[in-house]
Amino acid sequence: MPLKIIITKDFNQLSKEAAKIVINDIKKHQESFDKDYILGLATGNSPTGLYKELSRLANSNEFDASRIVSFNLDEYIGLPGDRIPQRVMHPESYTFFMIQELFSLLNKKFKKTYVPYGTEINQKKLINELDKYKNNTDVYEFLGTDKGKQISIKQNGPSEYLNWIKNEIIDGYINEINNYGGINLHIIGVGGRGHVAFHESGIPLDEEMLLVKLDNNTVENAVTDGHFDTIEEAPNYAVSMGAKAVYRAKTVLLIANGKRKTGPIAESLLGEVTSDVPISYGQKYAENGGNMIYVIDEEAAGGILNKFDELNNKGYEVVDLR
């Protein structure tokens, strides 16, 4: 199936075009099957307009929201709060984001919603265990370049806490998805280095679920962008789907807006498939029959606007709606 690129004039058009794709896929599924529709969700600025449009049309009975189960991409570890409910409902948690931007807007709620269980992990206890077994690769090891670090926990090591994280938090989330038969359509955004969720640049592309040590740039940006007051308050770890899990969905819908996304978008489409630009995995996904769709605004498309011939020669379909 050819990779499709839809270019819009602005964020508003982007949101409506992306919503059409999601809703058409939901309606097609609900008309043909009795089983639940499984929808993958992202946080960040890019999907907010899509979510508003999705909730508006759900409330107009365009589709049945009660027959949808959702899975989010990622969640922080180390949000402020001594207890799990405090961390879950912290204003910067991705659970809170989804409630604010989508779930609370629906008159008829989704059948079930899942967000990775990062808020269940005590960051101080995690750090203590990592320090205790530092440099013991029989317990865990860091994978990836300096741009991103995956903490790969080995099976049945001596740390009960790390074993619990691997079995219940990491593997447990993928098992939940598999129990539903996989994701029908996954909405994803684009990080500044071409990463998807917290699968940061440099982390290998062959893992489905990740425990991640956030790089300094990610932590500093969270403070600079006003999400946290200080470096000390900002989380240093996260739980995230990896590219391998994201691109197992039947359809992957990548949405991006703004100049900060220009470079990663161009690299992901015109360059090689590489862990330095995790969303470049979409090329491989499309080659293997996946339904890969980009919906991007004019600014995000800045690096490919004069390269339509090159994109067409690669077999990609470009739809310019400006």
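**Cavities, pocket and sheets of the predicted model**

The largest cavity is lined by Ile 174, Ile 177, Asn 178, Gly 182, Ile 183, Met 241, Ala 245, Arg 248 and Ala 249. The structure is a predicted model, in which local features need pLDDT of at least 70 and side-chain atom pairs count only at pLDDT 80 or more, while totals for chains, interfaces and linings use all residues. Residues are numbered from 1 along each chain as its sequence is written, and side-chain values use heavy atoms, with hydrogens and water left out.

Rolling a probe the size of a water molecule over the atoms shows where empty space is left. On a 1 Å grid over the protein atoms alone, a cavity is a set of points where a 1.4 Å probe fits but cannot get out, and a pocket is an open set with protein on both sides within 12 Å along at least five of seven lines; lining residues have an atom within 4 Å of a point. Grid points are joined across faces, edges and corners, and a volume is the space filled by probe spheres set on the points.

Two cavities of 30 Å³ or more were found in a search of the whole structure. The largest cavity holds about 70 Å³ of space. Helix α6 (residues 160-179) gives the most to its lining, three residues; helices (H or I, at least four residues) and strands (E, at least two) are DSSP runs, numbered from the N terminus. The lining of the largest cavity comprises six nonpolar, two polar and one charged residues, where Ala, Val, Leu, Ile, Met, Phe, Trp, Tyr, Cys and Pro count as nonpolar, Asp, Glu, Lys and Arg as charged, and the others, Gly among them, as polar. The second largest cavity, with about 30 Å³ of space, is lined by Tyr 76, Leu 214, Thr 218, Val 219, Ala 222, Phe 228, Ala 234 and Pro 235. Helix α7 supplies the largest share of this lining, three residues. Seven of the residues lining the second largest cavity are nonpolar, one is polar and none is charged.

The largest pocket contains about 980 Å³ of space. It is lined by 39 residues, of which Gly 44, Tyr 94, His 195, His 227 and Arg 260 are the closest to its centre. At least two lining residues come from each of β4 (74-77), α4 (94-101) and α7 (216-224), and α4 provides the largest share, five residues. By class, the lining of the largest pocket has 13 nonpolar, 16 polar and 10 charged residues.

Eight strands make up an open sheet with parallel pairing, in the order β5-β3-β2-β8-β11-β12-β1-β13; two strands pair if DSSP finds at least two bridges between them. Strands β5 (112-114) and β13 (317-320) are the edge strands, each pairing on one side only. From one strand to the next the twist averages 15 degrees; axes are lines fitted to C-alpha atoms, for helices over the stretch in contact, and angles run from 0 to 180 degrees between N-to-C directions. Strand β1 (residues 4-8) is paired with β13 in the parallel sense over four bridges, and Ile 6 has Val 319 of β13 as its bridge partner. Helix α1 (residues 11-32) packs on this sheet, touching (heavy atoms within 4.5 Å) β1, β2 (37-41), β3 (68-72), β8 (185-188), β11 (251-256) and β12 (291-297), and its direction makes about 155 degrees with that of β12. Helix α9 (residues 262-270) lies across β1, β11 and β12, at about 150 degrees to β12.

Buried means under 20% relative accessible area, exposed over 50%, and partly exposed in between (1.4 Å probe, protein chains only). In a regular strand the side chains alternate between the two faces of the sheet. In β11, Thr 251, Leu 253 and Ile 255 point one way, and Val 252, Leu 254 and Ala 256 the other way. Strands β8 and β11 run parallel and are joined by four bridges, with Leu 185 opposite Thr 251 of β11. The parallel pairing of β11 with β12 extends over six bridges, and Tyr 294 of β12 is the bridge partner of Leu 254.

A further open sheet consists of five strands in the order β4-β10-β9-β7-β6, with antiparallel pairing. Strands β4 and β6 (140-143) stand at its edges with a single partner strand each, so one side of each is left without a neighbour in the sheet. The twist in this sheet averages 30 degrees from one strand to the next. Strand β4 runs antiparallel to β10 (residues 237-241), to which four bridges join it, and Glu 75 stands opposite Val 239 of β10. Helix α6 lies across β6, β7 (149-153), β9 (209-213) and β10, running at about 135 degrees to β9.
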